[in-house]
Amino acid sequence: MSLLAGCSLVERVQKFGPYRVNVQQGNALDAESVARLKPGMSRSQVRFLLGTPLVVDPFRNDRWDYVYVYYEAGSLVEQKRISLFFEGDTLARIEGDMPAPPAPTSDVPGTTSSVEPQSPAVPVATPVPQSPGVQP
């Protein structure tokens, strides 16, 4: 009888298994930072927005690769990749997982919104000026 009880205990222990830690690797690519990338930006501006690239090919220094992966309990949950191509010191093109363009809001000059202000006494938000090192 005790031998049978031992077999069922082994099966239960195998179901639980070892603890697997959550692993985040690479550059965390948030949609806001990636959306701010524009062709014509310098390498230092790109590095300011996204950080140092994960992969820089020593034989082709005109390409930077940003990779982000997230494993939860040993299984892949999220993966993003962006490749930036430079001509000289300026950003020429962007390839990879790009976020959808943001919806227009009334806070940005030149855009429209379907929501009208309730009364003229409501203050209107003014856009925050960009830092001089980053182009809008």
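## Rings and charges

By the ring-centre rule (Phe, Tyr and six-membered Trp rings with centres within 6.5 Å), this predicted model has one aromatic pair. Arg-43 lies over the face of Phe-86, 4.5 Å from the ring centre, and the charged end of Arg-93 is over Phe-85, at 3.9 Å from its centre.

## Around Asp-65

Asp-65 belongs to strand β3, residues 63–72, and is buried at 14% relative accessible area (buried being under 20%, with a 1.4 Å probe and protein chains only). Its C-alpha atom is 5.1 Å from that of Val-55, ten residues away along the chain.

Beyond its neighbours within four places in sequence, Asp-65 touches Pro-53, Leu-54, Val-55, Ile-82 and Ser-83 (contact: heavy atoms within 4.5 Å). Its side chain makes polar contacts (N or O pairs within 3.5 Å, one able to donate a hydrogen and the other to accept it) with the side chains of Ser-83, at 2.5 Å, and Arg-63, at 3.1 Å.

## The chain overall

Three helices and five strands make up the secondary structure (DSSP runs of at least four residues for helices and at least two for strands). From the N terminus, the order is α-β-α-α-β-β-β-β. Of the 136 residues, 19% count as buried.

## Ground rules

Residues are numbered from 1 along each chain as its sequence is written, and side-chain values use heavy atoms, leaving out hydrogens and water. As the model is predicted, local features need pLDDT of at least 70 and side-chain atom pairs 80 or more, while totals for chains, interfaces and linings use all residues.

Terms used. Buried means under 20% relative accessible area, exposed over 50%, partly exposed in between (1.4 Å probe, protein chains only). Rings of Phe, Tyr and Trp (its six-membered ring) pair if their centres lie within 6.5 Å; planes under 30 degrees apart count as stacked, over 60 as edge-to-face and the rest as tilted. A charge sits over a ring if NZ of Lys or CZ of Arg is within 6 Å of the ring centre and within 35 degrees of the ring normal.
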